[in-house]
Amino acid sequence: NFYNNPDLVFPITISAFYLFFYSIMQIFAGLFYAFKNIKAVIYKELIFQIIRISLIPLLLFFSAGFLVAGSIIFLIVASIIGILFSIFYFIRKYPDFFKKQTTKIDKKELFTFMKYLSIGSLSILFLIYTDILILGKFVGAEYVGFYRTATSLALIVSSILTINVVIVPIITRIGKQRIERAFNIILYYFF
């Protein structure tokens with residue numbers, strides 16, 4: 001039975017740490033996109049992918065008994081290196097970002113805007129991973145793998161259709177009145 005397998009406890013625990021560090025790395029990617037600095041995202045991804053590829057021989061040498069957990073641990077190491085690069089690059093490129101701002105931020109309006117984005121993102125994650133857990137109870141692991149692959153492909157197509165990477169830098173550069181107008185136009189075309 002999939003749920004009563006004690007051999008999966010350690011890899012799943014390690015995977016949770018990987019998701020945490022990878023999410024932090026993606027926060028910096030979002031910041032770079034907001035500042036229209038695509039070059040920084042390319043550098044971050046280049047470093048992350050090179051570290052991942054260069055750790056493969058170490059994986060084969062050191063983690064003979066823990067191949068799955070070892071590969072995830074090396075992904076964590078690559079993510080941490082990507083985070084450190086992102087922090088260093090961000091502080092060096094945007095030192096004024098950490099200085100105190102004098103402009104007043106309407107927290108209620110910001111929360112209203114962000115709650116809809118959060119609800120959408122969390123609902124997609126919840127639906128995808130809940131489906132996998134439910135399928136794991138009723139069908140074999142290979143069918144869960146097929147389903148996971150199909151949802152990954154569907155998410156790739158949907159991510160191509162989303163234009164957050166284009167919209168966020170534009171919204172960060174325009175004034176409050178123009179933000180409301182632009183937001184209304186975006187909602188009109190999406191809905």
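**Briefing: a ring cluster and a helix pair**

Ring pairs join F28, F32, F35, Y43, F85, Y89, F90 and Y94 into a cluster. Rings of Phe, Tyr and Trp (its six-membered ring) pair if their centres lie within 6.5 Å. The model is predicted, so local features need pLDDT of at least 70 and side-chain atom pairs count only at pLDDT 80 or more, while totals for chains, interfaces and linings use all residues. Residues are numbered from 1 along each chain as its sequence is written, and side-chain values use heavy atoms, with hydrogens and water left out.

**Aromatic pairs**

- The structure holds eleven aromatic pairs.
- F32 and F90 make a tilted pair, 5.8 Å centre to centre with 55° between the planes. Planes under 30 degrees apart count as stacked, over 60 as edge-to-face and the rest as tilted.
- This pair links distant parts of the chain: F32 sits in helix 1 and F90 in helix 4 (residues 67–93), 58 residues apart. Helices (H or I, at least four residues) are DSSP runs, numbered from the N terminus.
- Both F32 and F90 are buried. Buried means under 20% relative accessible area, exposed over 50%, and partly exposed in between (1.4 Å probe, protein chains only).
- Y43 and Y89 make an edge-to-face pair, 6.4 Å centre to centre with 75° between the planes.
- Y43 lies in helix 2 and Y89 in helix 4, so their pair ties together parts that are 46 residues apart in sequence.
- Y43 is partly exposed, at 36% relative accessible area. Y89 counts as buried, at 16% relative accessibility.

**Helix 1 and helix 2**

- The axes of helix 1 (residues 9–34) and helix 2 (residues 38–54) come within 7 Å and cross at roughly 155°. Axes are lines fitted to C-alpha atoms, for helices over the stretch in contact, and angles run from 0 to 180 degrees between N-to-C directions.
- Helix 1 and helix 2 are therefore roughly antiparallel, a label for angles over 145 degrees.
- Y18, Y22, M25, Q26, A29, F32 and Y33 in helix 1 meet I38, A40, V41, K44, E45 and F48 in helix 2. Contact means heavy atoms within 4.5 Å.
- The residues of this contact divide into ten nonpolar, one polar and two charged.

**I42**

- I42 lies in helix 2. I42 counts as exposed, at 52% relative accessibility.
- The C-alpha atoms of I42 and A29 are separated by 9.3 Å, and the two residues are 13 residues apart along the chain.

Methods
Helix = DSSP H or I, 4+ residues; strand = E, 2+ residues; numbered from the N terminus. Parallel < 35°, antiparallel > 145°, perpendicular 65-115°, else oblique. Nonpolar A, V, L, I, M, F, W, Y, C, P; charged D, E, K, R; others polar.
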